[in-house]
Amino acid sequence: MVKQMAKVFVNGYGNIGRRLASALSRDNEISLLGIAKYTIDEQILEDLKNKYDIYVPENLALKYKSSIAGSIEEAVSACDLVLDAAKEGEGYSNKIRFYQPLRKPAIFQGGEERHGERAVAKMIHNSRVNYDEASGKQYVIQGSCNVSGMGKVMQPLMESFGDEIQRYDVTLVRRWADLEDSKEVKDSIQWDKNPHHQEDVKDFIPHANLYVEAFKVPSRMMHLHQMIVRFRSKAPTRDRILDLFTKEFAVAILNSAKGTADVRMKAIELGFEHGDTNMVHIHQDVLRVQEETLKIVYSDDQTGLVIPENHLLLQSMILRRPRSEAVKRTDKLFRISDKKRLLEREFA
Ligand SMILES: NC(=O)c1ccc[n+]([C@@H]2O[C@H](COP(=O)([O-])OP(=O)(O)OC[C@H]3O[C@@H](n4cnc5c(N)ncnc54)[C@H](OP(=O)(O)O)[C@@H]3O)[C@@H](O)[C@H]2O)c1
């Protein structure tokens, strides 16, 4: 008997949606039903026509009927899972309007709410921490790029040092816009009165004594985090810390990059798809151990990191696959181990 492939619909085709669609279109065990376009004209249709089936809101369906595959509602109805990549906050309306009435499971992105009236799901996924818990769930949020990066660094530390760690203080230096964005990058350093990242991480690492501050800076080239980890007594050695991360999936250890742009430009030069590394990069040259304090600096590929995370999450939700097997498939699709080796060699 021929096994039916899971049909996935990407609802939203911005920076994240376009990456999700191009990755899934290369995955031979997923059938990508198509993508949603909310802003449309003849040029956009022309550019996308040989790539994906396009679905549009009902009010545009008649006008463009000869070039599209159908309406958003039809796509949701026909798929097995929606990857919602809507602009921040729109995921909630999509859930109420389409996913709930049509009983379709959906993955939401990190800009959606976890708590309050507009909450879309009861769980935030981080593949390093709670992959198994997503198995069979109807709605899950994939943590944002900053939240995903923090989980990837904190979890190995927690597993190795547990109660020896007193607290984590993380300063997020956030890029203003993505490379593809047309919005202006303002010459300012902007603070955040109440960064959501702290509570989001505590959603999947509830006992962490974690404090987060976030600053947005005029850059398009990745986020940079400084994580200060205070131990109850002397902190472990640098070598022990680096050892811990050597084999971590989607964590590279670099030694000679001078800034986030070096890493992004190298990814572009090496021909990585979309210029993404799909990982976090620990900068060994500025990793410091001082008495009871460990200071880790890592850059976080804002657009690329969450794409393999979504791919892992869908394998947990609808394929109910063990994590080790899912990681192998995701690694193959995104070439993450190869990219890690290349980057580590380039920035040795
Ligand atoms: N950018 C990042 O680095 C990043 C990283 C991690 C997580 N995220 C999260 O991922 C989500 C998407 O971010 P993004 O950067 O991809 O945003 P984006 O580039 O602004 O794209 C959002 C897209 O949403 C589409 N859209 C409009 N109304 C919609 C609706 N009702 N349902 C579905 N799609 C709709 C728009 O389509 P049209 O162009 O057709 O109008 C637009 O292209 C957000 O929750 C964000 O917080 C972003």
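Arg 335 is partly exposed, with a relative accessible area of 36% (buried is under 20%, exposed over 50%, partly exposed in between; 1.4 Å probe, protein chains only). The model is predicted, so local features need pLDDT of at least 70 and side-chain atom pairs pLDDT 80 or more, while totals for chains, interfaces and linings use all residues. Residues are numbered from 1 along each chain as its sequence is written, and side-chain values use heavy atoms, without hydrogens or water.

Arg 335 sits in the loop between helix 11 and helix 12 (helices are DSSP runs of H or I with at least four residues, strands runs of E with at least two, numbered from the N terminus). Its phi is positive, near 55 degrees, although Arg 335 is not a glycine. Arg 320 also has a positive phi, of about 50 degrees. This residue lies in the loop between helix 10 (306-317) and helix 11. Arg 320 is exposed, at 57% relative accessibility.

Thr 330 belongs to helix 11 (residues 323-334). Thr 330 is buried, at 0% relative accessible area. Its side chain makes a polar contact of 2.8 Å with that of His 311 (a pair of N or O atoms within 3.5 Å; within protein, one must be able to donate a hydrogen and the other to accept it, and residues adjacent in sequence count only if both atoms are side-chain atoms). Residues touching Thr 330 include Phe 249, Leu 312 and Arg 335, with residues up to four places away in sequence not counted (contact means heavy atoms within 4.5 Å).

In helix 9 (residues 260-269), the buried residues are Thr 260, Val 263, Arg 264, Lys 266 and Ala 267. They fall within an arc of 160 degrees seen down the helix axis, so they line one face of helix 9 (the arc is that of the directions from the axis to the C-beta atoms). Their cover includes strand 12 (223-231), strand 16 (293-300) and helix 12 (336-346).

The ligand is surrounded by 23 residues (a residue is near if one of its heavy atoms lies within 4 Å). Among the closest are Ile 16, Asn 94 and Asp 178. Helix 1 (15-24) and helix 5 (90-99) each supply at least two shell residues. A polar backbone atom of Ile 16 is 2.8 Å from a ligand oxygen. For Glu 88, a polar side-chain atom lies 3.0 Å from an oxygen atom of the ligand.
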